[in-house]
Amino acid sequence: MADRSSEQNEEHSQPEQSSIPCQDTGASNDNVDQIQGEYQPEPSSASCQDANDSANDIGSTSDSDTDSSMGENILEYERTLAEYVIHEGMPFRLANRSGFELFWDRLGPGCNSIPSELTIAKHCFNLFREESKKLKEFLEKSCSGVCLAAETWTSVHDFKYVSLTAHFIDEHWRLQRRMLNFCMIEDHEGDTIGSTIKKCLLKWGIKKPFTLTVDDASSDVITHLKGYLKDWKGLMCDGDYLHVRCYAHILNMVVTDGLRDLSDSISAIRNAIRYVRLSSEGLETFKRLVQKEKIESKSLVRLDIVSRWNSTYMMLERAVKFQKVFERMENEEKGYKAYFKEGVDKIGPPTTSDWSKVCAFVQFLKIFYDVTLRLSRSLRLTPNESFHDITLVQDMLQQKITDEDPLIRDMAKNIKRKYDEYWGKLDNLNPLLAIAVILDPRYKLDYVNLVFENIYLDAEVCAAMKKKIKDTLYRLYEEYSVLVVNEPPENPKDNSESSRIDAGVLPGASFVFTNLKEKVLKKMRVTWDPKTELEKYLTADLVDDYPSFDILIWWKYNAPKYKVLSLIARDVLAVLASASSEHVFRPRERVLEEYKSNLPAKMVEALMCAKNWLTAKSVKFSDGDFNQHEEPEEGDSDFDDDEVYLVFE
């Protein structure tokens, strides 16, 4: 029987406005003449002084013309321009372009002085500082738990960076994502990354991160970080579930190994496609043979970007449809055969064996492609869905290793062996991903147990997985129950007298002690109640599954009914199965473009974080809600030198 609250999903499909800051990354560059993409130093100190004088117009305008709507408009225009520069990743020297001069002149009276590069840069940095203060205050006051993800980046100059992103569920039960830091580091070693993350957490006041998702090679980051967090007493369940291995990273490694095994066959097909796309004559010949073979297709063959395996998959998936056409070209077209004889290293034309191998591999690639594509939806994908994808891949490989086709069977064994190296061990699957499915009212614990019985054919391994998940569930429930038991009464003023008595405060006493009877009764309610909140949830009827079901909305309206479980759900459903989203198909291509690579590290961080915040799916904080802002750290507020914003080579 469906829960009544699930019927409310459609009625309340419009979420309330959030008070979380909206922001995100992007932006650009310098205060210097840019010639053919190169940043050149200013020709003289005079021009630098002009830039400084122009930048100082910000202060003079705000101080001397506070009552002037003209001055206020100019400041608003400049701030809006900064938002545009950040959002679209435009260079700071945008204002020097002739087309921009025309636009600025038409804004109205008082807009004759075009803002300098330094002025735009300062507005960008100030916007970053203002929004970061608001986000920090929100995280400290209103966010129950934060799930973190760390990604490594490099610049075109081979400078190393690490980004730290927070995922959390806000007070309206909406999944949020905010980039917290984008820091330059000496190297990508685990100790270096762990130490940098520690500093970031201290800066943001985050003492109890719930999970940290990193790529498979960064498990030493977790080891390094756990030591700090244990000293802060900020680990739930002693940090046993802190580490989440990036599933997208694992899939990419498995696929990359598979592509390497078939490199010759793939290269032969790629070269055949290159011949077709090389000239209009080759393309016309290909089209003519497609018609003769009566192949119906809305699209023809395409070349791939070799460094992106999803592009290679789409190339192969389309090419196998035209196998007969390529075989006919080899028999009938002299130019096609001559093309492969031109170069000694030119592999091809593809043989029947090449086509058979690629056809079989495409079947596997489709599953990996679909799953990886879903993992990239970081703002819509909750970990309960990720668990379904993980088990889908495992089940597919389990079936394929018994396939009647020996080619598919051998390939499945090879892929599964590589997959198990990264994911097959019992400790590699963070149990929180399965807990997320248990907290999905459409599935719960019995579903997870049945899934394990299907994908773990070894009885001992299956039993161990079941026990691990159940123990984790009850362990979480016990720890979160303490948080609910220790909650203050909702209306302390109405119960002030009884509260003093229950707390054991005696008249004239100078100390407070806990009433033993009440303490024992609370413990009994938590540990001995034969029908705990958890058991009530697990034994309740499953909620009907339907396309528009939203697990976060369900928990939003059932939180009063399941006080402890809702706290667990708010943390667990924010866990990331994949650290990467934007670069999910190319995790090794997180490279800063040239114009950002030339900027100082602080400016790069400001642009990257601010772009993320500006494009976030929520509403900005109300300034009136944040009257108590921390002062910036020493050195952060005195940015009078041009080098803070712009780089001179």
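Colleague: Where does Trp173 lie, and what is its phi?

Modeller: Most residues other than glycine have a negative phi, and most peptide bonds are trans. Trp173 has a positive phi, near 60°, although it is not glycine, and it sits in the loop between strand E4 (160–169) and strand E5 (175–185) (helices, H or I of at least four residues, and strands, E of at least two, are DSSP runs numbered from the N terminus). Lys294, which is not a glycine either, has a positive phi of about 55°, and its place is in the loop between H11 and helix H12 (309–319). Lys294 is exposed, with a relative accessible area of 73%.

Colleague: Which residues does a cis peptide bond join?

Modeller: Gly348 and Pro349 are joined by a cis peptide bond, with omega at about 0°, and Pro349 belongs to the loop between helix H14 (334–341) and helix H15 (352–375).

Colleague: How many helices and strands are there in the chain, and what percentage of its residues is buried?

Modeller: The chain holds 27 helices and 8 strands, and of its 649 residues 49% are buried. Among the contacts with a separation of 6 or more, 77% come from residues 24 or more positions apart (contact means heavy atoms within 4.5 Å).

Colleague: At what angle do helix H10 and helix H11 pack?

Modeller: Two packed helices are described by the angle between their axes and the distance between the axes. Helix H10 (residues 263–278) packs against helix H11 (residues 280–292) at an angle of about 110°, with the axes 5 Å apart (axes are lines fitted to C-alpha atoms, for helices over the stretch in contact, and angles run from 0 to 180 degrees between N-to-C directions). H10 and H11 are therefore roughly perpendicular to each other (65 to 115 degrees, whereas under 35 is roughly parallel, over 145 roughly antiparallel and the rest oblique). On the H10 side the contact is made by Tyr275, Val276 and Arg277, and on the H11 side by Gly282, Leu283 and Phe286. By class, these residues divide into 4 nonpolar, 1 polar and 1 charged (Ala, Val, Leu, Ile, Met, Phe, Trp, Tyr, Cys and Pro count as nonpolar, Asp, Glu, Lys and Arg as charged, and the others, Gly among them, as polar).

Colleague: Which residues in H10 meet H15?

Modeller: Ser265, Ile266, Ala268 and Ile269 in H10 meet Asp354, Trp355, Lys357 and Val358 in H15, and this contact has 5 nonpolar, 1 polar and 2 charged residues. The two axes come within 9 Å and cross at roughly 105°, so H10 and H15 are also roughly perpendicular to each other.

Colleague: With which residues is Val448 in contact, leaving aside its neighbours within four places in sequence?

Modeller: Val448, in helix H19 (residues 444–455), is buried at a relative accessible area of 0%, and beyond those neighbours it is in contact with Phe387, Ala434, Val437, Ile438 and Ile469. Ala434 is 14 residues away from Val448 along the chain, with 6.9 Å between their C-alpha atoms. Thr211, in strand E6 (residues 209–214), also counts as buried at 0% relative accessibility, and its contacts beyond four places in sequence include Val146, Leu148, Tyr241 and Val575.

Colleague: How many disulfides does the count come to?

Modeller: A disulfide is a covalent bond between the sulfur atoms of two cysteines. Here the count comes to 0 disulfides (a pair of cysteine sulfur atoms within 2.5 Å). Cys237 counts as buried at 0% relative accessibility, whereas Cys359, at 27%, counts as partly exposed.

Colleague: What pLDDT does the chain average?

Modeller: The average is 75, and 71% of the residues score at least 70 (pLDDT is the predictor's confidence in each residue, from 0 to 100). Over residues 489–513 the pLDDT is below 50, and this stretch has 10 contacts in the model beyond near neighbours in sequence. Residues 618–649 also stay under 50, and for them the model has 89 contacts beyond four places in sequence. Where pLDDT is low, the predicted coordinates should not be read in detail.

Key
Residues are numbered from 1 along each chain as its sequence is written. This is a predicted model: local features need pLDDT of at least 70, side-chain atom pairs count only at pLDDT 80 or more; totals for chains, interfaces and linings use all residues. Side-chain values use heavy atoms; hydrogens and water are left out. Buried means under 20% relative accessible area, exposed over 50%, partly exposed in between (1.4 Å probe, protein chains only).
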